[in-house]
Amino acid sequence: MLLDDERRDFMRLVAETEVSITRLTSGQVIAAKLINLSASGCAFYTDKILDPGEELEILVRSPSERIDPLRRPARVARVSQGESQHMVGVEFLNDLN
């Protein structure tokens, strides 16, 4: 399902699947639940606390072996803290950053 939001430059695809998040400062790998994905970023739920501005690597595996996984550097743009789960929105970074 595609979501359209006037504030966004790209359409978001609802994509509920597992995603691996690597904290670039520590190398810690976090399992998270992907919520949505667009060309410019994604959002996911995690039980770990992430800080705005923190740099990560996002890895979304494909259900098909014929399609390479999506692996992108990203920066935390916003965090909505809940009791046990936090919603994190990230912006993808250019590989040159």
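Author: A residue counts as buried when its relative accessible area is under 20%, and in this predicted model buried residues make up 34% of the 97 residues in the protein.

Reader: Why is Ser38 called buried?

Author: The relative accessible area of Ser38 is 14%, and the cut-off for the term is under 20%, so Ser38 is classed as buried.

Reader: Where is Ser38 found, and what lies 3.1 Å from a polar atom of its side chain?

Author: Ser38 is found in the loop between strand 3 and strand 4, and the atom that lies 3.1 Å from a polar atom of the Ser38 side chain is the backbone nitrogen of Ser40.

Reader: What makes strand 3 and strand 4 a pair?

Author: Pairing asks for at least two bridges between two strands, and strand 3 and strand 4 have four, in the antiparallel sense, so the two strands are said to pair. Asn36 stands opposite Ala43 in strand 4, and the two strands form a hairpin with three residues between them.

Reader: Which residues touch the most other members of the largest nonpolar core, and which elements give two or more residues to this core?

Author: Of the 17 residues in that core, Val19, Ile21, Phe44, Leu56, Ile58 and Val90 touch the most other members. The elements that contribute two or more residues are strand 2, strand 3, strand 4, strand 5, strand 6 and strand 7, in a protein with zero helices and seven strands.

Definitions and conventions
Residues are numbered from 1 along each chain as its sequence is written. This is a predicted model: local features need pLDDT of at least 70, side-chain atom pairs count only at pLDDT 80 or more; totals for chains, interfaces and linings use all residues. Side-chain values use heavy atoms; hydrogens and water are left out. A nonpolar core is a set of buried Ala, Val, Leu, Ile, Met, Phe, Trp, Tyr and Cys residues joined through side-chain atoms within 4.5 Å. Buried means under 20% relative accessible area, exposed over 50%, partly exposed in between (1.4 Å probe, protein chains only). A polar contact is a pair of N or O atoms within 3.5 Å; within protein, one must be able to donate a hydrogen and the other to accept it, and residues adjacent in sequence count only if both atoms are side-chain atoms.
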